[in-house]
Each structure stands twice: as C-alpha cells, then as structure tokens.
Amino acid sequence: MLHSLPKEDNYLHKGLRKQLVQGLREKGIKDERVLAAIEAIPRHFFLDNAFERQAYEDRAFPISAGQTISQPYTVACQTQLLELKKFDRVLEIGTGSAYQACVLGEMGISLFTIERQKELYENANKFQLLKKYPNIKRFYGDGFEGLLSYAPFDKILVTCGAPFIPPKLLAQLKPGGIMVIPVGEDKTQKMLRIFKDTEGKVHEETMGDFSFVPMLQGKNNNA
Ligand code: SAH
C-alpha cells in the first residue's frame, strides 16, 4: 500500500471525478450530498499509483489482505439508503480501504468504523487523508459484536456480505434508525434496508442484488 507517499489531486483527477459523478447520476443516485462527497474525495489516493485512472472507473478494486474497495455505485447506493442527517452517529462494519468511511466523514456525520483485518486497520493509520476527518473513529475488531460502548447508533452500514442480520448489530440500532446490510452467502447478496420503528419493531425492504466480500467471524491479526 502506498498510502504514505504524497499524492496530488490535480485537474485531471477532478475531471475524472466529475465524469464518475455524472455516471452515478445516470445510474439513479439522486442524493446531492452523497454525490458532492464522492466528487470531493480523491479515490485514487486509496489505490496504488499505477491505477490512477482505474480509480475513477465505476468498479470495485483489490486492496491488501484479499479485500476490495467497493464500487463507487455501491458506495453511493448504500450511503443514499442511509438517509443521513447531519449529526447522525453511524457505525460502519468493514473499514477496508477507508474510502466509504471518508465519503461518510465528508458528509459531516459522526462515524465509528470497524475492521477485522489487522493489516488494513494498520494501513489506515498511515493514511494522511484520514487526518482531515476527526469525526471518523476507527476500531480493530469483529463487526458481529458491533461497538457496545458507543451504542446506540442512528444508522448502521455493513460493507461486507453478511450470512444473516447480526443480532448484536440490530440491538445497537436506535429506535427510528436504519441499517443497510447486504445479506446472503452466495456470490451475490440482497441489499436489505432495515428500519427499526419507535416501538422497536423491525421492517425490512429489499433493494437489489450486489456482490461483496464475505463478513467473517472473529478478528484476523496477520498484519
Ligand atoms: N468499506 C470498504 C469496503 C471494504 S470490503 C471500503 O470502502 O473500502 C469489506 C471489508 O469488510 C473488508 O476489509 C473485510 O476485511 C471487512 N470485514 C469482513 N468481515 C468483517 C467483520 N466481521 N468485522 C469487521 N470487518 C469485516
């Protein structure tokens, strides 16, 4: 990972980003705050220098530890589904490259994000861009457990394919809160939007098929 090397964000990158955002609009992303955050974040900072152009194609890309940086459309779609409000407390499962985290950070919410791969958690320590977002707090841990000491959360976003809805995450969601989680153990998962009403009753909507790396139990400390 080359996160520690200085990178520039020049007019070429900004132009490619505008095109990417235009493409996302055409694919149905309407939340202007989400589009503005994607336009602001230099996605090429999250990839090796050799892949600067690919950073602005609408596709997922391999990062370390056999994981991926999510496709921009997926990031936009999941973020839009969260219906974020300015001071929301949000829990993200699967920090990965921290791209999705920075998109959320740029939107001004208060983010708590967990990663189970020590290597990825430690890579992000060296990542200068994250210094811009004191509203992002990162944790090395198992997302199935959530973050009890910081709960409850207004919104929960899972960025790996879960075998089922983790009960501890559901318990850490505020009444009136929304959880966006891809569920399924095959190649593709169903994107679920879960709404917990003020009485604590849970309502589920299915928002289409997506493909994520799996949500795995426990931590992996092969850094
Ligand atoms: N949001 C990331 C997506 C990374 S891919 C991004 O923008 O780049 C999904 C990530 O979820 C991987 O880094 C994987 O290691 C992590 N993951 C899988 N199971 C997990 C778990 N139980 N707890 C925390 N993170 C997990």
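In the predicted model, helix 3 (residues 72-81) packs against helix 4 (residues 99-106) at an angle of about 45°, and the two axes lie 11 Å apart. Helix 3 is therefore oblique to helix 4, a class that excludes angles under 35 degrees, which count as roughly parallel, and those of 65 to 115, which count as roughly perpendicular. The crossing of helix 3 past helix 4 is right-handed. On the side of helix 3, the contact is formed by V75, Q78 and T79, which meet Y99, Q100, V103 and L104 of helix 4. By residue class, this contact comprises four nonpolar and three polar residues, with no charged residue.

Helix 3 is largely enclosed by the rest of the structure, because eight of its ten residues are buried. The buried set consists of P72, T74, V75, A76, C77, Q78, T79 and L81. Just after helix 3, the backbone at E83 adopts a positive phi of about 45°.

The largest nonpolar core contains 47 residues, of which I38, I41, F46, Y99 and L129 touch the most other members. At least two residues of this core are supplied by each of helix 1 (11-26), helix 2 (32-40), helix 3, helix 4, helix 5 (118-125) and strand 7 (173-183). The greatest contribution comes from helix 4, which gives five residues. When neighbours within four places in sequence are set aside, Y99 is in contact with I38, I41, R43, F46, I69 and V75.

Elsewhere in the model, A151 is located in the loop that joins strand 5 (136-140) and strand 6 (153-158). With a relative accessible area of 27%, A151 is partly exposed; the cut-off for burial is under 20%. The C-alpha atom of A151 is separated by 8.8 Å from that of L91, although the two residues are 60 residues apart along the chain.

How values were computed
Residues are numbered from 1 along each chain as its sequence is written. This is a predicted model: local features need pLDDT of at least 70, side-chain atom pairs count only at pLDDT 80 or more; totals for chains, interfaces and linings use all residues. Side-chain values use heavy atoms; hydrogens and water are left out. Axes are lines fitted to C-alpha atoms, for helices over the stretch in contact, and angles run from 0 to 180 degrees between N-to-C directions. Helices (H or I, at least four residues) and strands (E, at least two) are DSSP runs, numbered from the N terminus. Angles under 35 degrees count as roughly parallel, over 145 as roughly antiparallel, 65 to 115 as roughly perpendicular and the rest as oblique. A crossing is left-handed if the near helix is turned anticlockwise from the far one by less than a right angle, and right-handed if clockwise. Contact means heavy atoms within 4.5 Å. Ala, Val, Leu, Ile, Met, Phe, Trp, Tyr, Cys and Pro count as nonpolar, Asp, Glu, Lys and Arg as charged, and the others, Gly among them, as polar. A nonpolar core is a set of buried Ala, Val, Leu, Ile, Met, Phe, Trp, Tyr and Cys residues joined through side-chain atoms within 4.5 Å. Buried means under 20% relative accessible area, exposed over 50%, partly exposed in between (1.4 Å probe, protein chains only).
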